[in-house]
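Work through the exercises below with the structure open beside you, and try each task on your own before you read the solution that follows it.

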Amino acid sequence: MHATALESIHVALGARMVPFAGWNMPVQYGGILDEARTVRGKAGLFDLGHMGRVRVHGPQAEAFLQRVQTNDAAAIPPGRIRYAMILNEQGLTQDDILVYRNPRNDGFFVVINAGNTERDLGILRTIAKGFDVVVEDCTRSLGMIAIQGPLSQQITQRLCTADLASVKYYGWCETEVCGVPMTLSRTGYTGEDGFEVYVPSGLETKVWQAFFDAGAADGLQPIGLGARDTLRHEAGMPLYGHEIDETTNPLEAGLDWAVKWNHDFVGRAALERMRAAGGTGRTLVGLTTASKRCPRQGYPIAHRGERVGHVCSGNVSPTLDTNIATAYVRSDLATPGTSLEFLVRDKGEPCQVTALPFYQRKR
Amino acid sequence: MRPTDCKFLKSHEWCRIENGIATIGISDHAVSHLSDLVFLDLPAKGASVTVGESFGEIESVKAVSSLYAPVSGEVVDVNSKLPDNLEWLAQEPFGKAWMIKVRVTTKSPDLIDTAAYDAHCKAEG
C-alpha cells in the first residue's frame, strides 16, 4: 500500500486510517459530521497526496489533450483550469479530471483520481504515441495539500507571496509558500472557497505544519476522506465509482457542460449517437429523505412498486440536516418534487427528487 | 475497563446471561469505530433471534452494519428508548445502551471472555 508523505502526521493526530485506492489515508480525525461543519464554517486542511498529478508538455500538448478529454483545451487561458472527462470509444466515463494550462503557457497539468491513476497514465501514454508530447507522472515528485472553507484565503495569504484576491475560481498561479516556489490553484472538492497547493516532494510536512501555525487560532482542523465525501456530495460533485464510472456517460450524469463538441475527443462519435437518440433513458438526480434511514450505494429506487433506478451515493448531510442521495432514475421521473422510494431490504422508504446541487455557498 | 461478567463475539456484540436471560449490546470498541451513529433497527418483542444471524442493523454516517446474535432464543424485552438516544451507546455501552434481552435456548460456541476480547480489540487496532 502507498503512503503519502504525511502519513505519520495523520497517525500522530489520531486519525483512523483506511485503505483508499491503494493508499493508506485518514478517513477521519474526529467526527465526520463535525469535520464537515468545520469546513463549511471555518476552514479545513486535506492531504490529497494520493491524487494523480501529471505534467503534459511539448509542441503538441494542446492537440494531444483535445484528443484525450472532452473539454476544449484550446479555450483554456494561461493560468486557468477546466473540469473534463476522459471517455472510452463507447462514450463511457474512464475518469473525471482537471486540466490546467500553465500560468506561463508552457504546457499543461492534469489532476486525476487516485483510483484511476494507473489506467489514466496508460491511456495518456497510448494516445501520446501519435503526438509530439511528453507525459510526465509527477504524483511522487509533488505532494498536494488543500485548504477549504470560508477562511481559506485569509489563512493561506499568511503563507504565500501571491495576492490571493487576484486568483480567480478555477485559476492557478506560481507563488512562494513558506519561502519555496510552488503552485497553487483556487479549486476544491467541497463547494467552499479554497486552494489546492502542489508541494515539491519533501516539503509536505513543512507546508502542512505551516498551515496549522497560521490557521489554528482561526479554527483550522485536519479533515479526512469521510467528511470530504460528505462535502462534495452536498455540493453536487460526482465521485468516480459512484455517480460516474465505465457504465455511465456524461450526458446522463448531467456533465454535458464539460463536453465541447468542437474537437475530436475519444468517445465523441458514440456520445453523439447517444445525444441524437435523446439520451439513454436515465438521468442522475438528487434525492432527499426525511426517513431516518440513509439511502446507500446500490439500493434500488422504486416508483409505484416498479424499480426505476438505483442509488449512487448516500450521505447524512450536516449542512441540510437531512439525508441526501444521488441516483440514476428513469428520465421521466427526474423532475424535482417527484416522490420516489428507496428500498432497504425490500422495504420502501420515501424520498423526493431534489435539484442538484444540494448546497451552494453564497458568493 | 470492560465488565468481566460479559461474553463477547469477535464481531463486537456482548451478552450478559443471568437466570437464562441474555442481555445483548455492542461494545465500546464497536461504538468508537462506527462513530457518528444515526440509526438503529432492533427486533420486536416476541421475535426470535438465531446465533450467527443478524438481529438488527446499526447505521453510522458512512455505513450500515449488521448486529449478530450471540445467542438464540425469543426476544423478551427491547430497549425501545435506545434508537432515539443513540448517544447512550458512547456513554454506557454495557449499561443503559443494552439493546435486547433474549430467553436463551442456545449460546454461540464463539463467545470469548473479556480478557480474550480485549486482546482481540488490541490486535484489530
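The exercises that follow go from whole chains to single residues, and they concern a predicted model.

**Exercise 1. Overall build of chain A**

Task: Find out how many helices and strands chain A has, and decide how its radius of gyration relates to the globule rule.

Solution: Begin with the secondary structure, where chain A shows eight helices and 19 strands. Next, take the radius of gyration of chain A, which is 20 Å and close to the 21 Å given by the globule rule for 363 residues, so chain A is as compact as a globular protein of that length. Finally, look at burial and contacts: buried residues make up 49% of the 363 residues of chain A, and among the contacts with a separation of 6 or more, 66% are between residues 24 or more positions apart.

**Exercise 2. Domains of chain A**

Task: State into which domains chain A is divided, and describe which residues domain 2 of chain A brings to its contact with domain 3 of chain A.

Solution: The division of chain A gives domain 1 (7-51 + 140-234), domain 2 (53-137) and domain 3 (256-354). Between domain 2 of chain A and domain 3 of chain A, the C-alpha centres are 28 Å apart. To their contact, domain 2 of chain A contributes 15 residues and domain 3 of chain A contributes 12 residues. On the side of domain 2 of chain A that touches domain 3 of chain A, at least two residues each come from α3 (61-68) and β5 (81-87) of chain A, and the largest share, four residues, is that of β5(A). Sorted by class, this side of domain 2 of chain A holds five nonpolar, seven polar and three charged residues.

**Exercise 3. Chain B and one of its sheets**

Task: Describe the secondary structure of chain B, and explain why β4 and β7 of chain B each have one side without a neighbour in their sheet.

Solution: Chain B has three helices and nine strands, which follow the pattern β-β-β-α-β-β-β-β-β-α-β-α along the sequence. The radius of gyration of chain B is 13 Å, close to the 14 Å of the globule rule for 125 residues, so chain B is as compact as a globular protein of that length. Now turn to the open sheet of chain B, in which three strands stand in the order β4-β6-β7 with antiparallel pairing. Because β4 (37-41) and β7 (64-68) of chain B are at the edges, each with a single partner strand, one side of each has no neighbour in the sheet. Neighbouring strands of this sheet are turned against each other by 25 degrees on average, direction ignored. Strand β6 (residues 54-60) of chain B is joined to β7(B) by five bridges, and E59(B) has V64(B) in β7(B) as its bridge partner.

**Exercise 4. Backbone details in chain A**

Task: Which peptide bond is cis, and where do N105(A) and C178(A) lie?

Solution: Recall that most residues other than glycine have a negative phi, and that most peptide bonds are trans. The bond from L356(A) to P357(A) is cis, with omega near 0 degrees, and P357(A) belongs to the segment after β19 (347-354) of chain A. N105(A), which is not a glycine, has a positive phi of about 60 degrees and lies in the loop between β6 (93-101) and β7 (108-112) of chain A. With 11 C-beta neighbours inside 10 Å, N105(A) counts as exposed. C178(A) has a positive phi near 55 degrees and is located in the loop between β10 (172-177) and β11 (180-185) of chain A. With 16 other C-beta atoms within 10 Å, C178(A) is partly exposed.

Technical notes:
Residues are numbered from 1 along each chain as its sequence is written. Chains are lettered from A and ligands numbered from 1 in the order in which they are written. This is a predicted model: local features need pLDDT of at least 70, side-chain atom pairs count only at pLDDT 80 or more; totals for chains, interfaces and linings use all residues. Domain bounds come from an automatic or database domain assignment. Two residues are in contact if their C-beta atoms, placed from the backbone, lie within 7 Å. Ala, Val, Leu, Ile, Met, Phe, Trp, Tyr, Cys and Pro count as nonpolar, Asp, Glu, Lys and Arg as charged, and the others, Gly among them, as polar. The radius of gyration is taken over C-alpha atoms; the globule rule is 2.2 Å times the number of residues to the power 0.38. A residue is buried if 20 or more other C-beta atoms lie within 10 Å of its own, exposed if 12 or fewer, and partly exposed in between; C-beta atoms are placed from the backbone. Two strands pair if DSSP finds at least two bridges between them. Axes are lines fitted to C-alpha atoms, for helices over the stretch in contact, and angles run from 0 to 180 degrees between N-to-C directions.
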